[in-house]
Amino acid sequence: MTGVAELPLPETYRLIELGEIDSTNREALRRAEDGAGEGTVVLAAAQTAGRGRKGARWISPPGNLYASLIVEPRAGGAVGQLAFVAAVAAGEAVAELTPRAGDLRFKWPNDLLFGARKLAGILIEGGPRGKYVVGIGVNIKSAPRSPEIEATSLMEGVGVDVEPRVLLAKFCRHFNEWRHLWQRRGFAPVREAWLARAAGIGEAIDVRLPVETVRGVFAGLSGDGALLLDLPGGGRRVITAGAVYFAGQEAKTCC
Ligand code: BTN
């Protein structure tokens with residue numbers, strides 16, 4: 001197991017370490033309401049009401065990473081890009097732990113896969129006064145089973161064990177670097193890093209939208225992070241929100 005000597009967070013970060021809690025995102029939002037700001041990090045050993053994207057539950061037994069960071073981005077309008085900043089940071093943090101980093105992939109917009117299975121998820125929620133909470137869950141010891149998501153864990157899929165706090169420190173370091181690069185140079189370097197590990201580019205995918213499912217070829221990312229989908233009859237859709245299904249996954253992967 002990787003040692004806790006690697007724990008230090010970036011200088012401006014403050015760690016709040018808790019046992020079991022409802023949801024680190026909810027706790028970070030409560031603390032943001034009470035005045036906590038940029039760099040506050042909430043880490044919990046387990047969650048009783050972990051939240052996933054699109055209202056899903058995030059099953060949160062002890063042993064995995066559950067953490068939420070408060071971020072106050074300067075470029076409020078482009079906040080959707082934070083999801084990619086967080087995904088790239090998560091990918092780099094996990095990549096440090098395995099020689100099989102080539103198998104790490106991003107599923108649009110911000111899931112981290114190992115092979116075809118989900119290893120980590122990110123949920124960004126808006127808080128008070130321009131603050132946002134970036135929540136990250138990484139399966140370390142276990143991959144909660146669900147009929148909807150084919151998941152894996154660092155131990156099961158990658159053969160790596162790590163303390164959640166150590167993985168969090170790695171994530172925060174990469175997140176801090178990418179977050180500042182994003183603010184200085186815009187989305188282009190983040191987009192490039194995301195594309196370097198993107199799953200399914202050039203392949204047929206289905207994208208489930210609120211009122212329809214669209215089939216096409218995943219052509220890449222727009223300059224601001226939208227999914228570009230080439231349609232069978234010609235033409236291209238620019239999709240800003242939806243759930244991606246790779247070939248053969250229709251019945252299993254929902255978010
Ligand atoms: C997803 O559906 O892929 C996003 C999952 C995000 C889960 C993390 S765990 C820590 C933080 N607290 C929550 O309640 N959710 C996020």
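Me: At what angle do the axes of α4 and helix α5 (residues 188-196) cross, and within what distance do they come?

Reply: In this predicted model, the axes of α4 and α5 cross at roughly 130 degrees and come within 8 Å. Axes are lines fitted to C-alpha atoms, for helices over the stretch in contact, and angles run from 0 to 180 degrees between N-to-C directions. Helices are DSSP runs of H or I with at least four residues, strands are runs of E with at least two, and both are numbered from the N terminus.

Me: Why are α4 and α5 called oblique to each other?

Reply: Angles under 35 degrees count as roughly parallel, over 145 as roughly antiparallel, 65 to 115 as roughly perpendicular and the rest as oblique. The crossing of roughly 130 degrees is therefore oblique.

Me: What makes the contact of α4 with α5?

Reply: Trp178, Leu181, Trp182 and Arg185 of α4 meet Pro189, Val190 and Ala193 of α5, where contact means heavy atoms within 4.5 Å. By class, six of these residues are nonpolar, none is polar and one is charged. Ala, Val, Leu, Ile, Met, Phe, Trp, Tyr, Cys and Pro count as nonpolar, Asp, Glu, Lys and Arg as charged, and the others, Gly among them, as polar.

Me: How do helix α2 (residues 82-95) and helix α4 (residues 164-185) pack, and what is the angle?

Reply: Their axes lie 8 Å apart at an angle of about 135 degrees, which makes α2 oblique to α4. The crossing of α2 and α4 is right-handed. The residues in contact include Val85, Ala89 and Glu92 in α2, and Phe171, His174 and Trp178 in α4. By class, this contact of α2 with α4 has 13 nonpolar, one polar and three charged residues.

Me: How do you know that β10 pairs with strand β11 (residues 236-239)?

Reply: Four bridges join β10 to β11; pairing requires at least two bridges found by DSSP, so the two strands count as paired. They run antiparallel, and Leu228 has Val238 in β11 as its bridge partner. Five residues lie between β10 and β11 in their hairpin, and Gly234 in the turn has a positive phi of about 100 degrees.

Me: What pairs with strand β9 (residues 213-221)?

Reply: Strand β10 (residues 227-230) pairs with β9 in the antiparallel sense over four bridges. Leu221 stands opposite Leu227 in β10.

Me: How is the model to be read?

Reply: Residues are numbered from 1 along each chain as its sequence is written, and side-chain values use heavy atoms, leaving out hydrogens and water. Local features need pLDDT of at least 70 and side-chain atom pairs count only at pLDDT 80 or more, while totals for chains, interfaces and linings use all residues.

Note on methods
A crossing is left-handed if the near helix is turned anticlockwise from the far one by less than a right angle, and right-handed if clockwise.
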